[in-house]
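Colleague: I would like to go through this model and hear the grounds for each term you use. Please set the value beside the cut-off each time.

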Amino acid sequence: MPKEGKTLVTNRAARHEYFIDETYEAGLELKGTEVKSIRMGKANLKESYCAIRGGEVFIQGMHISPYAQGNIFNVDPLRDRKLLLHKQEIQRLIGMTQRQGYTLIPLSLYLKKGRVKLELALARGKKLYDKRDAAAKRTAQREMEKAFSRNQRYRGES
C-alpha cells in the first residue's frame, strides 16, 4: 500500500533480515503521551514483531520513550499495543502466519491525516547466503552507476 504523509520511524534492519511479501496499513491503539513521543521520533522498531492472540494483532517489543513533559500520564515504554486492522485482514494474516516461515514485522510508523499508522509486513526470513547475494547485487549496481557517470563525464555530457 502506498504511504502518505510524514514517515516518523523506520525499521531499516527489516528489509535486510527478511523478504517482504505483502504490506498492510494498521492503526495503533496508543495513549496520549505515546503519540507525542512518536511525533518527536522517539520510538524504536528494531527488535519489534507482531503476534496474533485471540483473533487480535499486537505489536511487541516496540519501544516508545516516555514523553518528557508527561509525568504521571506516561505508560510502560515496552508494553504490547493493539493493532487496528479489518477482520478480513486479520483472518488472512492468521492463515499466512500459520504457514512455515512467515512472520509479521513492522516496517515504519508514519502520519496519515493526523493519525499514527504502522506499515506492517508479511515476511519470510533471509538466510545468510541471501544477504550476501543482496550485498553483492548492491555493490555491482553501485559500480555500474559509477562507471556510467564517469563515461558520461569523459564524453562531455551531463
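Colleague: Which are the buried residues of helix α2 (residues 32–39)?

Modeller: This is a predicted model, and in it the buried residues of α2 are Thr 33, Glu 34, Ser 37 and Ile 38.

Colleague: What makes you say that the buried residues of α2 line one face of the helix?

Modeller: Seen down the axis of α2, these residues fall within an arc of 140°, so they line one face. An α-helix has 3.6 residues a turn, so residues three or four places apart point the same way.

Colleague: What covers the buried residues of α2?

Modeller: The cover includes strands from several parts of the chain: β1 (7–10), β3 (43–44), β6 (63–64), β7 (81–84), β8 (102–112) and β9 (115–125). Just after α2, Gly 41 takes a positive phi of about 80°.

Colleague: Why is Ser 37 called buried?

Modeller: Ser 37 is in helix α2. Its relative accessibility is 2%, and the cut-off for buried is under 20%, so Ser 37 counts as buried.

Colleague: Which residues is Ser 37 in contact with, leaving aside its neighbours within four places in sequence?

Modeller: Ser 37 is in contact with Lys 42, Ile 64, Ser 65, Pro 66 and Tyr 67. A contact here requires heavy atoms within 4.5 Å.

Colleague: Is Ala 68 buried or exposed, and how do you know?

Modeller: Ala 68 is in the loop between β6 and β7. Its relative accessible area is 69%, and exposed means over 50%, so Ala 68 is exposed. Ala 68 and Ser 37 are 31 residues apart in sequence, with their C-alpha atoms 8.4 Å apart in space.

Colleague: Why does Glu 25 count as buried?

Modeller: Glu 25 belongs to strand β2 (residues 18–28). Buried means under 20%, and Glu 25 has 19% relative accessibility, so it counts as buried.

Colleague: What polar contacts does the side chain of Glu 25 make?

Modeller: One is with the side chain of Tyr 110, at 2.6 Å. Another, at 3.2 Å, joins the side chains of Glu 25 and Lys 112. The cut-off for such a pair of N or O atoms is within 3.5 Å, and the contacts with Tyr 110 and Lys 112 meet it.

Colleague: What makes Leu 83 a buried residue?

Modeller: Leu 83 lies in strand β7. Its relative accessibility is 3%, against a cut-off of under 20%, so Leu 83 counts as buried. Beyond its neighbours within four places in sequence, Leu 83 is in contact with Ala 26, Gly 27, Leu 28, Cys 50, Val 57, Phe 58, Ile 59, Leu 118 and Leu 120. Leu 83 and Gly 27 are 56 residues apart in sequence and 5.7 Å apart, C-alpha to C-alpha.

Colleague: Where is Asn 11 found, and why is Asn 11 called buried?

Modeller: Asn 11 is found in the loop between β1 and α1 (12–17). At 8% relative accessibility it counts as buried, since the term applies under 20%. Not counting residues up to four places away in sequence, Asn 11 touches Leu 45, Lys 46, Pro 106 and Leu 107. The backbone oxygen of Pro 106 lies 3.0 Å from a polar atom of the Asn 11 side chain.

Colleague: How many helices and strands does the protein have, and what makes you call the protein more spread out than a compact globule?

Modeller: There are four helices and nine strands. Along the sequence the pattern is β-α-β-α-β-β-β-β-β-α-β-β-α. The radius of gyration is 19 Å, well over the 15 Å that the globule rule gives for 158 residues, so the protein is more spread out than a compact globule. Its C-alpha atoms fill a box of roughly 65 × 40 × 25 Å along the principal axes.

Colleague: What share of the residues is buried, and what share of the contacts with a separation of 6 or more lies between residues 24 or more positions apart?

Modeller: Buried residues make up 34% of the 158. Residues 24 or more positions apart account for 69% of those contacts.

Colleague: Where is confidence lowest and where is it highest?

Modeller: Confidence is lowest in helix α4 (residues 128–155), at a mean of 80, and highest in strand β5 (residues 56–60), at 93. For the protein, the mean pLDDT is 85, with 94% of residues reaching 70 or more.

How values were computed:
Residues numbered from 1 in each chain as written. Heavy atoms only, no water. pLDDT = per-residue confidence, 0-100. Helix = DSSP H or I, 4+ residues; strand = E, 2+ residues; numbered from the N terminus. Buried < 20%, exposed > 50% of the residue type's maximum accessible area, 1.4 Å probe, protein only. Arc of directions from axis to C-beta. Rg over C-alpha atoms; globule rule 2.2 N^0.38 Å. Polar contact = N/O pair within 3.5 Å; in protein donor to acceptor, adjacent residues only side chain to side chain.
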